[in-house]
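This report examines selected side-chain pairings and packing arrangements. The sequence and structure are shown first.

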Amino acid sequence: MNKIQRLSMFLRVIFQIAFVVWPLVLALYWIFAPQHFPYNFSINFIPNGTEILHPITGADSLWGFLIGLLPTIIEMIIIYFLIKLFKLYEQGEIFTLSNVEYLKKIGIYMLINQGMGFIYDALITFVLTMHNPPGHRVASFTFASHDAYNVVTAIMIIVIAWVMAEGCKLKEELKYTV
Amino acid sequence: MSIIINLDVMLAKRKMRSNELAKEVGITEQNLSVLKTGKAKAIRLTTLDAICKCLECQPGDILEFKP
C-alpha cells in the first residue's frame with residue numbers, strides 16, 4: 001500500500017467518524033445549549049452578536065436543532081462525497097472521471113452550503129429572538145470575510161475539477177493512442 | 001466511429017500472428033488488441049509506418065472509412 005492509499009484510508013476513517021459525530025454534536029448542542037456552552041465556544045451554532053433576552057425553552061432548542069439540520073445535511077453530503085473520493089484514492093484510482101465528479105460535487109455543495117448559511121443565520125436569529133421584547137427581534141444576514149474565503153475556495157475546487165476533467169480526457173486519449 | 005481497422009484481414013492475408021506483428025512493430029500486444037478491436041482513439045504515424053512496412057501494405061489497406 002503506497003503513501004497516498006494509506007493517507008486516504010486514514011482520512012476516509014476520519015470523515016466516516018465525522019459523518020456520524022457531526023449530527024450528534026448538533027443534537028447535543030441543542031440539548032444542552034446555550035446554557036452550558038460559552039457563546040464564544042468554537043463550535044457555535046448561534047451567530048455571534050445574537051441577543052437572546054429570555055431563557056431558551058425546549059421548543060426553542062427543538063427549532064434550533066431543526067434549523068441547524070439545514071446546513072448540517074449539506075455538510076454531511078460534502079463529508080459523504082469526501083468519503084467516496086478518498087475510497088477511490090484508496091483503491092488507487094487517482095485521475096479518473098468519477099474522482100473529478102466527486103470533487104465537482106464537493107465544490108457545488110460548498111457553494112450551496114454558503115447560500116444555506118444565509119438562510120440559517122436569518123432563521124436561527126429569528127427563532128431565538130422571537131420572544132425578545134419588541135425592538136430586539138431580529139433576522140440577521142451576515143457575510144463575513146470567512147464566507148468570502150469559502151466562496152472562493154468552492155469556486156477554486158470547481159475550476160480544479162474542471163481542469164482535472166480535461167486532464168482525464170487527455171489521459172484517456174493517450175491510453176487509446178497506439 | 002466510421003473508421004474501420006482491417007488489421008485482422010491483413011494479418012490473415014500475410015499469415016502472420018498478432019504477437020509476431022506486435023513484436024516487429026515494437027508495441028505491446030494489448031495495444032495491438034486495442035487497435036484491432038477498434039477501441040483506439042488515435043494511431044501514431046510511426047506505428048502505422050511500422051505496420052505497413054511489416055505487412056507490406058498501404059495505410060488504406062488497414063484503415064477504411066465507412067460513412
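This is a predicted model: local features need pLDDT of at least 70, side-chain atom pairs count only at pLDDT 80 or more; totals for chains, interfaces and linings use all residues.

Cys57(B) is accordingly in no disulfide, the sulfur of Cys52(B) being the nearest cysteine sulfur to its own.

Both side chains belong to buried residues: Cys52(B) has a relative accessible area of 10%, and Cys57(B) also has a value of 10%.

Side chains of opposite charge can pair when their charged atoms come close. Over all chains, 4 salt bridges are counted. One of them joins Arg12(A) and Glu90(A), with a distance of 2.7 Å from N to O. Arg12(A) is located in helix H1 (residues 3-32) of chain A and Glu90(A) in helix H2 (residues 58-90) of chain A, so the pair ties together parts that are 78 residues apart in sequence.

Both partners are buried. The relative accessible area of Arg12(A) is 15%, and that of Glu90(A) is 16%.

## Salt bridges in chain B

Asp8(B) and Lys36(B) form a salt bridge in which the closest N and O atoms are 3.6 Å apart. Because Asp8(B) lies in helix H1 of chain B and Lys36(B) in helix H3 of chain B, this pair ties together parts that are 28 residues apart in sequence. Asp8(B) is partly exposed at 44% relative accessibility, and Lys36(B) is partly exposed at 26%.

A further salt bridge links Asp49(B) with Lys53(B), where the closest N and O atoms are 3.3 Å apart. These two residues both lie in helix H4 of chain B, separated by 4 residues, or about one turn of the helix. Asp49(B) is partly exposed, with a relative accessible area of 42%, whereas Lys53(B) is exposed at 62%.

## The buried face of helix H2 in chain B

Which residues of helix H2 (residues 18-25) of chain B are buried? They are Leu21(B), Ala22(B) and Val25(B). Viewed down the axis of H2(B), the buried residues fall within an arc of 100 degrees, so they line one face of the helix. Lys23(B) and Glu24(B), on the other side of H2(B), are exposed.

After H2(B) comes Gly26(B), which has a positive phi, near 90 degrees.

## A buried aspartate without a salt bridge

Asp147(A) is part of helix H4 (residues 145-175) of chain A. This residue is buried but has no salt bridge, and the nearest side chain of opposite charge, that of Lys104(A), is 24 Å away.

What does the side chain of Asp147(A) reach at 2.7 Å? It reaches the backbone nitrogen of Ala144(A). When neighbours within four places in sequence are left aside, Asp147(A) is in contact with Gln114(A) and Thr142(A).

Key:
Residues are numbered from 1 along each chain as its sequence is written. Chains are lettered from A and ligands numbered from 1 in the order in which they are written. Side-chain values use heavy atoms; hydrogens and water are left out. Buried means under 20% relative accessible area, exposed over 50%, partly exposed in between (1.4 Å probe, protein chains only). The arc is that of the directions from the helix axis to the C-beta atoms. A disulfide is a pair of cysteine sulfur atoms within 2.5 Å. Lys and Arg count as positive and Asp and Glu as negative; His and the chain ends are not counted. A polar contact is a pair of N or O atoms within 3.5 Å; within protein, one must be able to donate a hydrogen and the other to accept it, and residues adjacent in sequence count only if both atoms are side-chain atoms. Contact means heavy atoms within 4.5 Å.
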